[in-house]
Amino acid sequence: MYPDVWFLLSFLCTAGWCYLGVRWFGARKNNIPLQALLFGALKVVIAFVVRFLIFYASYGMEALTHDASSARLLLYVFLYLPGLWFEWSVVGALIAGESFRPKSLLLGINERGPRWRAGGASITFVFELQQTILWTFLLEQLGRGTNL
């Protein structure tokens with residue numbers, strides 16, 4: 001999949017989930033599609049910053065473990081999953097107009113908050129996992145000199 005198509009599909013999935021968030025939590029019920037697009041764009045920017053920080057933190061984990069496979073597992077458990085939750089928590093708090101207190105930021109102000117955040121993190125994870133698998137396959141095939 002071409003990077004621009006992947007980015008567009010990723011953005012549309014993110015904006016779609018933000019649409020549900022605006023419908024569930026949004027203080028303003030007018031222009032819901034526009035709000036969803038704006039919050040989706042904000043989520044993409046937040047994700048870029050968080051992934052940039054995770055990228056640099058991963059070097060430290062690899063240096064501590066002296067093992068790339070252990071570092072990847074640590075990276076996944078201790079940085080990537082909490083990073084996804086954090087991204088969706090910030091967007092959820094902004095959609096609902098919540099304060100940035102730790103409890104409301106992490107869980108939300110009602111019972112739908114954690115489910116919405118978990119759903120957003122799951123969508124992001126699944127979308128990025130399939131992309132990772134695809135790129136790994138392509139790089140392996142190119143490394144072998146196989147014509148695709």
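Phe 48 sits in helix α2, which spans residues 32–65. Helices here are DSSP runs (H or I, at least four residues), numbered from the N terminus. The model is predicted, so local features need pLDDT of at least 70 and side-chain atom pairs count only at pLDDT 80 or more, while totals for chains, interfaces and linings use all residues. Residues are numbered from 1 along each chain as its sequence is written, and side-chain values use heavy atoms, with hydrogens and water left out.

Phe 48 counts as exposed because its relative accessibility is 60%. Exposed means over 50% relative accessible area, buried means under 20%, and partly exposed lies in between (1.4 Å probe, protein chains only). Phe 48 belongs to a nonpolar surface patch with Val 45, Val 49, Phe 52, Leu 53, Phe 55 and Tyr 56. Together these residues have about 760 Å² of accessible area. Such a patch is made of residues with over 30% relative accessible area and no salt bridge, its nonpolar side chains (Val, Leu, Ile, Met, Phe, Trp, Tyr) being joined within 5 Å. Areas come from the Shrake-Rupley method with a 1.4 Å probe; for residues, only the protein chains shown count as cover.

Side chains of opposite charge can pair when their charged atoms come close. Two salt bridges were found in the whole structure. A salt bridge is a side-chain nitrogen of Lys or Arg within 4 Å of a carboxyl oxygen of Asp or Glu. Lys 43 pairs with Glu 87, with 2.9 Å between the closest N and O atoms. This pair links distant parts of the chain: Lys 43 is in helix α2 and Glu 87 is in helix α3 (residues 68–96), 44 residues apart. Arg 51 also forms a salt bridge with Glu 87, at 3.0 Å from N to O. Arg 51 lies in helix α2 and Glu 87 in helix α3, so this pair ties together parts 36 residues apart in sequence. Arg 51 is partly exposed because its relative accessibility is 22%.

The largest nonpolar core has 21 residues. A nonpolar core is a set of buried Ala, Val, Leu, Ile, Met, Phe, Trp, Tyr and Cys residues joined through side-chain atoms within 4.5 Å. Helix α3 gives the largest share, eight residues. Cys 18 is among the residues with the most contacts inside this core. Leaving aside residues up to four places away in sequence, Cys 18 touches Phe 39, Trp 88 and Trp 116, among others. Contact means heavy atoms within 4.5 Å.

Notes
Patches are made of residues with over 30% relative accessible area and no salt bridge: like charges are joined within 9 Å, nonpolar side chains (Val, Leu, Ile, Met, Phe, Trp, Tyr) within 5 Å. Helices (H or I, at least four residues) and strands (E, at least two) are DSSP runs, numbered from the N terminus.
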